[in-house]
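This report describes the chain shown below, from its overall form down to single residues.

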Amino acid sequence: MLFRSREPSETIPALEVIDQDPSAGSRIAPSSTVTIIVSSGKPKVTVPDVRGKTVNEAIAELTVAGLVADVRRVFSKEPQDTVVGEESVGEQLVAKSTVRLNVSQGPRAVPVANVVGAPFETAQSALEGQRFVVVRNDVASDQPRGVVVATDPQAGTMLPQGSRITVSVSTGP
């Protein structure tokens with residue numbers, strides 16, 4: 001009688017014999033059982049879902065699972081160092097395989113537009129188009145009513161999208 005079982009092996013390719021019992025060359029009775037262990041290939045592990053975790057937590061969890069993290073930094077509205085994307089979640093991969101992680105580096109920084117001298121509505125539209133949060137501050141000025149006289153921070157300053165820009169608007173002379 002022949003009994004086969006399969007088990008993973010780091011060194012023996014799939015479908016090749018890893019071991020047998022009794023060993024080769026042994027004399028056995030015709031009705032005896034011969035057990036053959038056949039390689040199923042390299043060991044496989046399930047890729048854990050680490051999305052939403054910090055990059056350090058994700059790397060640790062992948063390492064425990066027998067996988068290697070390939071960290072790629074991407075712009076995202078999520079907090080910096082948060083895993084926002086992962087390939088192969090839930091799949092079976094060969095142990096020591098690389099799993100790509102997209103990790104937030106925060107929102108993209110853009111220069112503040114120069115809106116001084118523009119009507120507030122135009123300035124607001126331009127800055128909100130850059131995905132800034134506009135805060136109006138009415139100030140006394142010799143400029144015409146409704147005209148932007150300053151921004152804080154100033155034009156050209158590199159800021160992450162979602163940042164607040166205070167727009168000082170003239171109340172008129």
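**Basis of the values**

This is a predicted model, in which local features need pLDDT of at least 70, side-chain atom pairs count only at pLDDT 80 or more, and totals for chains, interfaces and linings use all residues. Residues are numbered from 1 along each chain as its sequence is written, and side-chain values use heavy atoms, with hydrogens and water left out.

**Overall form**

The chain has two helices and 13 strands. Helices (H or I, at least four residues) and strands (E, at least two) are DSSP runs, numbered from the N terminus. With a radius of gyration of 32 Å, well over the 16 Å that the globule rule gives for 173 residues, the chain is more spread out than a compact globule. That radius is taken over C-alpha atoms, and the globule rule is 2.2 Å times the number of residues to the power 0.38. Taken along the principal axes, the C-alpha atoms fill a box of roughly 115 × 20 × 20 Å.

Of the 173 residues, 29% count as buried. Buried means under 20% relative accessible area, exposed means over 50%, and partly exposed lies in between (1.4 Å probe, protein chains only). The accessible surface of the chain comes to about 10,600 Å², and carbon and sulfur atoms hold 50% of that surface. These areas come from the Shrake-Rupley method with a 1.4 Å probe; for residues, only the protein chains shown count as cover.

Among contacts in the chain with a separation of 6 or more, 66% are between residues 24 or more positions apart. Contact means heavy atoms within 4.5 Å.

**Backbone features**

The bond from Asp21 to Pro22 has omega near 0°, and Pro22 lies in the loop between strand S2 (17-21) and strand S3 (34-39). The bond from Asp152 to Pro153 has omega near 5°, and Pro153 is placed in the loop between strand S11 (148-152) and strand S12 (158-160).

Leu15 has a positive phi of about 75° although it is not a glycine. Leu15 lies in the loop between strand S1 (2-7) and S2, and counts as exposed because its relative accessibility is 64%. Asp81, also not a glycine, has a positive phi of about 75°. The loop between strand S5 (68-74) and strand S6 (83-86) holds Asp81, which counts as partly exposed at 30% relative accessibility.

**Rings**

The structure holds zero aromatic pairs. Rings of Phe, Tyr and Trp (its six-membered ring) pair if their centres lie within 6.5 Å; planes under 30 degrees apart count as stacked, over 60 as edge-to-face and the rest as tilted. One ring does have a charge over it: the charged end of Arg136 sits over the ring of Phe120, 4.6 Å from its centre. This requires NZ of Lys or CZ of Arg within 6 Å of the ring centre and within 35 degrees of the ring normal.

**Selected residues and their contacts**

| Residue | Contacts |
|---|---|
| Pro8 | Ile18, Ser40, Gly41, Lys42 and Pro43 |
| Val45 | Ala65, Leu67, Glu91, Gln92, Leu93 and Ala95 |
| Val147 | Gly117, Ala118, Pro119, Ser168, Val169 and Ser170 |
| Ser163 | Arg131, Phe132 and Val133 |

Pro8 lies in the loop between S1 and S2 and is partly exposed, with a relative accessible area of 46%. The C-alpha atoms of Pro8 and Thr63, 55 residues apart along the chain, are separated by 19 Å.

Val45 belongs to strand S4 (residues 44-46) and is buried, with a relative accessible area of 17%. Val45 and Thr63 are 18 residues apart along the chain, and their C-alpha atoms are separated by 11 Å.

Val147 is found in the loop between strand S10 (133-139) and S11; with a relative accessible area of 14%, Val147 is buried. Val147 and Glu121 are 26 residues apart in sequence, and 9.1 Å apart in space from C-alpha to C-alpha.

Ser163 lies in the loop between S12 and strand S13 (164-170) and counts as buried at 17% relative accessibility. Its side chain reaches the backbone oxygen of Pro160 at 2.6 Å. A polar contact is a pair of N or O atoms within 3.5 Å; within protein, one must be able to donate a hydrogen and the other to accept it, and residues adjacent in sequence count only if both atoms are side-chain atoms.

Notes: Lists of a residue's contacts leave out its neighbours within four places in sequence.
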